[in-house]
Number of protein chains: 2
Amino acid sequence: MNGHEFDLWSQAQVAAVEAALERWVPSDAPAGLGQAMRYGVLDGGKRLRPLLVLASCDAVAGSVPAAMRAAVAVELIHAYSLVHDDMPCMDNDILRRGKPTVHVQYGQAQAMLAGDAMQALAFEVLTPEPGPGGAPEVAPVLQARLISLLARAAGHAGMAGGQAIDLASIGRPLDEGELRDMHRRKTGALLQASVLMGAACGDIRPEARDALSDYGAAIGLAFQVVDDILDVTQASETLGKTAGKDHDHNKPTYVSVLGLAAARSHAQALREQAHAALRRSGLGGAASLLAVLADKVVERES
Amino acid sequence: MNGHEFDLWSQAQVAAVEAALERWVPSDAPAGLGQAMRYGVLDGGKRLRPLLVLASCDAVAGSVPAAMRAAVAVELIHAYSLVHDDMPCMDNDILRRGKPTVHVQYGQAQAMLAGDAMQALAFEVLTPEPGPGGAPEVAPVLQARLISLLARAAGHAGMAGGQAIDLASIGRPLDEGELRDMHRRKTGALLQASVLMGAACGDIRPEARDALSDYGAAIGLAFQVVDDILDVTQASETLGKTAGKDHDHNKPTYVSVLGLAAARSHAQALREQAHAALRRSGLGGAASLLAVLADKVVERES
């Protein structure tokens, strides 16, 4: 697959994800809650997690309606985590995707509720009511599997646990192992779950699924290493969020622990690991979207 | 069923719920997150929602292991909502169940994360990994049904939506209809879902399920009316939380809208509605635990 073909695929998928978010995130929730939720998730972001779900589903020729629900659900979890993370008691950030953060726009209480409701909505989206014909849009056994993956990636052993380590690490030196453990949970768990959720939408041999799990772990970590690099090399305008904030907050990063050059080599090594895992999966050309995504994660500039 | 029989049943169920929470809420989550989660949910509360799940499951002779997971999940959602609701940007309360609130004990950031992780854990608990024999402890179709009920009750159309109305109502007069709508969502949705989750654990005719849904709606509202009455008639020591805070916060309550005497009559009328719904369900003596619970909700003094 060449870059142009990937771009066409990715633009179409992002448009479909935006349309699904537009449809499923309520505008009529009471007392402004729906508006705050929509502000927090519509119209922004690279939609990397949805793309991973959809590319992974494509690699196993899985159910596209199921994968679209998984894509939206994982993006809702990601978006809620940003809403809460930006609040004054956490990172206290006022700018996100080039716009005022949710609590700046709607107040802290509404931001907290919007995040809470976005998390619940992720699980609503994964349990669609049966359609008029009575047939479930997503088989219940697949609903249960997707929810199991997502809840574990979002919770204490995954994203929330990583954020707790992050909180505890401010101003305290971490070694590379501790930093990796933090990021495996904080960012990596949800990226890896995205890959596994997409794979769950089709039939896949256990060995291939394990290889995709390794792929997800490698790009999950690569994503964070690149984030840390961009935090020191890019301006806020390019990032759409406050640059240099990890340094300002005295947070350990891959750049502070390894140095810039070693962090860059590490990102390339993780890209290679991701490609090696795809070769090991035996999926061949079916995994070409995932292969390009690994490159995009490492080459991105914002 | 007499009061003594009910008390024996209820003590045994609460002990089983406590043991399940003890087992499923992690003590080893990173960086103190597990401790904050456990502090927020163990060792306190009346466990009314779990009792409703288990009594409703009993009425339909449903799967007890499934109902125990549903009971723990709904309690985790309830407990997380209290952790977030107590924070300074919401109700700013420092006392809960006679102890310092989670943010007082562990800081605001950890309290927010603990609440977030408790919500995710509720959905983890409802998607148990298959046991050693490979057989699922809860059938996937039931997992999906329980999650659908819980996520919708917790989210924008239910609890979180009710809290948003609550936020917007401070200092603004609500009429009885608006107050009812707020409480149907804020407290009622989760209590009603508890009843429906228990019923989903067994086989039940649609008409009986609809009657149990009406029962759940009636006691959901009764619970809140009684809460408002207790807020003005009881001391903080009895409640284990700050008394009079709704009045102090200038929040509309059933007492402020209807007056104390009419609020008391309303609670009794809702109790009668709950009993009438049970009679309509045709479950007869099988629903006797639910019948006693309706009385307990209205007669409670804390």
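Two residues are taken to be in contact if their C-beta atoms, placed from the backbone, lie within 7 Å, and the views below are drawn from a predicted model.

**View 1. Surroundings of A:A222 in chain A.** When residues up to four places away in sequence are left out of the count, A:A222 touches A:A267, A:L270, A:R271, A:A274, A:V297 and A:V298. A:A222 also belongs to the largest nonpolar core, where it is one of the residues that touch the most other members.

**View 2. The largest nonpolar core, with members in chains A and B.** This core holds 214 residues, and those touching the most other members are A:L76, A:L150 and A:A222 together with B:A70, B:L76, B:L150 and B:A222. In soluble globular proteins, nonpolar side chains tend to be buried together.

**View 3. The fold of chain A, built from 15 helices and 2 strands.** The C-alpha trace of chain A spans about 55 × 50 × 35 Å along its principal axes, and 56% of the 302 residues count as buried. A compact globule of 302 residues would have a radius of gyration near 19 Å, and the 19 Å of chain A agrees with this. Among the contacts in chain A that join residues at least 6 apart in sequence, 74% are between residues at least 24 apart.

**View 4. The relation between chain A and chain B.** Chain B is superposed on chain A, with an RMSD of 0.0 Å, by a rotation of 180° with 0.0 Å of shift along its axis, which is the relation of a two-fold axis. Of the interface residues of chain B, 100% are also interface residues in chain A, so the copies meet through the same surface.

Notes: Residues are numbered from 1 along each chain as its sequence is written. Chains are lettered from A and ligands numbered from 1 in the order in which they are written. This is a predicted model: local features need pLDDT of at least 70, side-chain atom pairs count only at pLDDT 80 or more; totals for chains, interfaces and linings use all residues. Copies are superposed by least squares on the C-alpha atoms of residues with pLDDT of at least 70 in both. A nonpolar core is a set of buried Ala, Val, Leu, Ile, Met, Phe, Trp, Tyr and Cys residues joined through C-beta atoms within 7 Å. A residue is buried if 20 or more other C-beta atoms lie within 10 Å of its own, exposed if 12 or fewer, and partly exposed in between; C-beta atoms are placed from the backbone. Helices (H or I, at least four residues) and strands (E, at least two) are DSSP runs, numbered from the N terminus. The radius of gyration is taken over C-alpha atoms; the globule rule is 2.2 Å times the number of residues to the power 0.38.
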